[in-house]
Structures are given as C-alpha cells and as structure tokens.
Amino acid sequence: MPQGRLTLQPKVFRGGNMSTRCPGTSPNSASVWLANAYIPTFQETAMTQKQRLIYSILIALSVLAIMLGLSWLQNAGMITEKTFQYVAIGVAVVVVIINGVMRRKVKP
C-alpha cells in the first residue's frame with residue numbers, strides 16, 4: 001500500500017521564466033535551466049489508526065519470530081550470548097524508531 005506519491009514540482013527562482021526551462025534557448029540557458037529544474041518532492045498521506053494497528057501487529061509478530069530464531073540459534077551454539085544481546089538491542093531500537101514514525105503519520 002503506497003503511503004504517499006512522488007510528484008515533480010518546478011523550483012522557480014526569482015527572475016526565471018518558463019521559456020528558460022529548456023537548455024539551448026538562450027546563451028546562458030544551462031545555468032538558468034539548472035536553477036529552474038524540476039525537483040522530486042514527496043507528498044505524504046495520513047495513516048489511519050486501523051493501518052497503524054495492522055502494522056503494529058505485524059511488527060510485534062516479526063519481533064517475536066526474530067527473538068525465537070535468535071534463541072534457537074543461541075541454544076544450537078551458532079551465536080554467542082553477546083551476539084544475541086546486540087541483535088536484540090538493534091531490533092528494539094528499530095522498532096522504537098518505526099513506532100515513532102507511525103505515530104507522527106497518524107492524523108486525528
């Protein structure tokens with residue numbers, strides 16, 4: 001599900017006009033064209049509470065699967081306890097960041 005759309009919007013500085021958008025139309029057209037180039041911008045759409053709930057459940061299930069997998073790897077002797085701790089802390093940090101981003105996207 002896309003959460004936004006990418007659009008091209010002109011970035012026009014003072015003194016530029018529409019005829020100088022294409023290179024080759026005037027002696028100094030390359031610099032004017034670069035100054036008035038189309039730049040990509042990202043327009044965000046709001047996330048609903050239902051979408052946030054679904055994503056939160058998916059994240060919780062993913063974390064559970066990762067932790068069970070790490071536990072299995074540690075019991076099998078494939079990773080050490082220190083590695084388990086580092087990966088678990090990394091997963092927790094990523095989840096906190098994702099939760100913060102989702103919280104800001106929800107519009108009341």
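**View 1. Helix α2, end to end.** With 27 residues at 1.5 Å a residue, α2 should span 39 Å, and its end C-alpha atoms do sit 39 Å apart, so the two agree. The expected span here is 1.5 Å times one less than the number of residues in the helix. Helices (H or I, at least four residues) and strands (E, at least two) are DSSP runs, numbered from the N terminus. Keep in mind that this is a predicted model: local features need pLDDT of at least 70, side-chain atom pairs count only at pLDDT 80 or more, and totals for chains, interfaces and linings use all residues. Residues are numbered from 1 along each chain as its sequence is written, and side-chain values use heavy atoms, with hydrogens and water left out.

**View 2. The buried side of the α2 story.** Which residues of α2 are buried? They are Gln51, Arg52, Ile59 and Leu70, where buried means under 20% relative accessible area, exposed over 50%, and partly exposed in between (1.4 Å probe, protein chains only). Part of what covers these buried residues is α3. Past α2 comes glycine 77, with a positive phi near 80°.

**View 3. Glutamine 51 and its polar contact.** Glutamine 51 is in helix α2 and counts as buried because its relative accessibility is 18%. Its side chain reaches the backbone nitrogen of threonine 48 at 3.0 Å. A polar contact is a pair of N or O atoms within 3.5 Å; within protein, one must be able to donate a hydrogen and the other to accept it, and residues adjacent in sequence count only if both atoms are side-chain atoms.

View 4. Leu53, Ile57, Leu61, Leu64 and Leu68 make up a nonpolar surface patch, with about 500 Å² of accessible area together. Patches take residues with over 30% relative accessible area and no salt bridge, joining like charges within 9 Å and nonpolar side chains (Val, Leu, Ile, Met, Phe, Trp, Tyr) within 5 Å. A salt bridge, in turn, is a side-chain nitrogen of Lys or Arg within 4 Å of a carboxyl oxygen of Asp or Glu. Leucine 68 belongs to helix α2 and counts as exposed because its relative accessible area is 54%.

View 5. Methionine 47 sits in the loop between β2 (38–44) and α2 (49–75). Is methionine 47 buried or exposed? It counts as buried, because its relative accessibility is 4%. Arginine 104, in helix α3, is exposed, with a relative accessible area of 71%. The C-alpha atoms of methionine 47 and arginine 104 are 8.9 Å apart, though 57 residues separate them along the chain. For arginine 104 and alanine 46, 58 residues apart along the chain, the C-alpha separation is 9.0 Å.

**View 6. Helix α3.** This helix (residues 81–105) has 25 residues and reaches 36 Å from first C-alpha to last, close to the 36 Å expected at 1.5 Å a residue. Its buried residues are Phe84, Ala88, Val91, Met102 and Lys105.

**View 7. Zooming back out.** The protein has 3 helices and 2 strands, in the order β-α-β-α-α along the sequence. Of its 108 residues, 18% count as buried.

Definitions and conventions: Accessible areas come from the Shrake-Rupley method with a 1.4 Å probe; for residues, only the protein chains shown count as cover. Contact means heavy atoms within 4.5 Å.
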